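Reader: Before we start, I would like each label tied to its cut-off. Please show the structure, and then I will ask.

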Amino acid sequence: NYNLLNAALTKASAQSRRPPFNFIFHYVGSWHVPITADQYAPADTFLREQVAGVVGLPSLGLTRYVSTDNLQLYPASDKIVRSQRLDLVKLAFGSGIFDHIQVVEGQIPSPSDAGPAGTESAPIEVLVSLALANDVGLQVGQAYQLYKPAAGGDAPYLQPVRVSGIWVPLDATPQDDDFWAFYAPASFDKKLLIPESTFFGPVAASLPLPVNEA
């Protein structure tokens, strides 16, 4: 029975490029709506602390990934000039992702704390892909501005960021590295990587609905 189960799962995983025995819980805000950090927390706690016991199988590993909706990336400036937009990007974290990448310039971003309510946002450190850095000319140590227009009564989102480093994947082959089995490294090309504490600190404090995908 085990051999039959394993063969069936292996065949299915070959079609999806995912290893057998993977359990995936996926929320996509573009299919529904983006959610708050408080709405995300119960599912996160359940998956981290309880789901292995409910399923009844030993857990070999857990990866958590969260990203914002698209944000507009601009050069650092006191004024948003639409013609100067560099690209659309997302802020994202992935548990353990820094162990599966190589920093080719600069360093891993340091965590950032949320400032007091009502104060101007301090720059947060982000790690950018080599592809994005080459496409729009991002430089390590340079400051930029993230922007999202006002919507639904919420004020515009303005968040200064500073590039701490530039990265490439250690291994871009999902068959050789289970970490990239769900999302290939290229899917992170336009995602600015930040520590989890930064995401649920200053980002969640100033962006009303930070969790677009998890």
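Reader: What makes the side chains of Arg64 and Glu196 a salt bridge?

Author: This is a predicted model, in which local features need pLDDT of at least 70, side-chain atom pairs count only at pLDDT 80 or more, and totals for chains, interfaces and linings use all residues. Residues are numbered from 1 along each chain as its sequence is written, and side-chain values use heavy atoms, with hydrogens and water left out. A salt bridge is a side-chain nitrogen of Lys or Arg within 4 Å of a carboxyl oxygen of Asp or Glu. For Arg64 and Glu196 the N to O distance is 2.6 Å, so the pair meets the definition. Arg64 is in the loop between α3 and β1 and Glu196 in helix α5, so parts 132 residues apart in sequence are tied together. Helices (H or I, at least four residues) and strands (E, at least two) are DSSP runs, numbered from the N terminus.

Reader: Why is Arg64 called buried, and what is Glu196 called?

Author: Buried means under 20% relative accessible area, exposed over 50%, and partly exposed in between (1.4 Å probe, protein chains only). Arg64 has 12% relative accessibility, so it counts as buried. Glu196 has 32%, so it counts as partly exposed.

Reader: What makes β7 largely enclosed by the rest of the structure?

Author: Of the 13 residues of β7, 10 are buried, so the strand is largely enclosed. The 5 residues of β2 include 4 buried ones, so β2 is described in those words too.

Reader: How do you know that β5 and β7 pair?

Author: Two strands pair if DSSP finds at least two bridges between them. β5 and β7 have 6 bridges, in the parallel sense, so they meet that rule. Glu125 stands opposite Arg162 in β7. β6 is joined to β7 by 6 bridges and runs antiparallel to it, with Gln145 opposite Pro160 in β7. Strand β4 (residues 101–106) and β7 are antiparallel, with 5 bridges; there, Gly106 has Gly165 as its bridge partner in β7.

Reader: Which residues touch the most other members of the largest nonpolar core?

Author: A nonpolar core is a set of buried Ala, Val, Leu, Ile, Met, Phe, Trp, Tyr and Cys residues joined through side-chain atoms within 4.5 Å. The largest has 27 residues, and Leu91, Val126, Val128, Leu146 and Leu192 touch the most other members. β7 gives the most to this core, with 4 residues. Leaving aside neighbours within four places in sequence, Leu192 is in contact (heavy atoms within 4.5 Å) with residues including Val89, Leu91, Val126, Leu132 and Leu146.

Reader: Why is Val55 called partly exposed?

Author: Val55 has 48% relative accessibility, so it counts as partly exposed. Val55 lies in helix α3 (residues 51–55).
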